[in-house]
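Morning, everyone. Please bring up the model on your screens, and I'll walk you through it.

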Amino acid sequence: DPVDQSDIDRSKASERSTSTSIASLEAQLAQESSNLEEAQIKAQVANEDYLTAVDELNTATKDAQTAQANADAAASSTATARSDLGSIVVQTYQESGNPLDPLTPYLTSESLADLADADVALTRAGEKNNAKVQNVEALQAVADTMKEIANDKVVEKTMMNKRFYLLLNNR
């Protein structure tokens, strides 16, 4: 078969068509490579966000547990101090059957020195009892504060849980 100009023209057209197809495929390949790289970057960012959220959730959980343990210990200390104070109140009630008993040392003292000694003893006993009352009040304040901190940590943990689950659901 002799080759004529129409065969040459068809061959050149086919070559141009093939070149155009190859260029189009190369453009698509470049776009897909770009899409793949973008998806890999997004996956890395999402993984970093996930790991950060897991770490924050673990920290919030530990903080909440520690705060609760501290609040429980403070409440226990307060209960012990209250019990001690209660026993003093009961003892005082049991020992003072007569309303004039507090005046007895003053009325029965034989000398000024005895009176001064009795006064010092009563003052020390009163100071001791006042110190116990103040201790109970201080421990109660600490317990209340620790409970507030524990509640705040529980709220913080709850927020971290929500953030964590939102992050998981948006992946």
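**Charged pairs and a nonpolar core**

Let's start with Lys42. Lys42 counts as exposed, because its relative accessibility is 56%, over the 50% cut-off. Keep in mind that this is a predicted model.

What does Lys42 meet in a salt bridge? The partner is the side chain of Glu38, at 3.4 Å from N to O. Both residues sit in helix α1. They are four residues apart, about one turn of the helix. Glu38 is partly exposed, at 42% relative accessibility.

Now, why can such pairs form at all? Side chains of opposite charge can pair when their charged atoms come close.

How many salt bridges does the model have? The count comes to five. I'll show you two others.

Go to Lys153. Its side chain meets that of Asp63 in a salt bridge, 3.9 Å from N to O. Lys153 lies in helix α3 and Asp63 in helix α1, so this pair ties together parts that are 90 residues apart in sequence. Both ends are partly exposed: Lys153 has a relative accessibility of 25%, and Asp63 has a relative accessible area of 29%.

Stay on Lys153. It also forms a salt bridge with Glu156, where the closest N and O atoms are 4.0 Å apart. Put together, Asp63, Lys153 and Glu156 are linked in a network of salt bridges.

Next, the nonpolar side. Which residues make up the largest nonpolar core? There are six: Ala53, Leu57, Ala60, Met160, Phe164 and Leu167. Two elements give two or more residues to this core, α1 (5-95) and α3 (112-169).

Zoom in on Leu57. Leave aside its neighbours within four places in sequence. Leu57 is then in contact with Lys157, Met160, Asn161 and Phe164. Of these, Met160 and Phe164 belong to the core as well.

One last stop: Thr78, in helix α1. Is Thr78 buried or exposed? Buried: its relative accessibility is 2%, and the cut-off is under 20%. What does Thr78 touch, not counting residues up to four places away in sequence? Val136, Leu139, Gln140 and Ala143.

Conventions
Residues numbered from 1 in each chain as written. Predicted model: local features only at pLDDT ≥ 70, side-chain atom pairs only at ≥ 80, totals over all residues. Heavy atoms only, no water. Core = buried A, V, L, I, M, F, W, Y, C linked by side-chain atoms within 4.5 Å. Buried < 20%, exposed > 50% of the residue type's maximum accessible area, 1.4 Å probe, protein only. Contact = heavy atoms within 4.5 Å.
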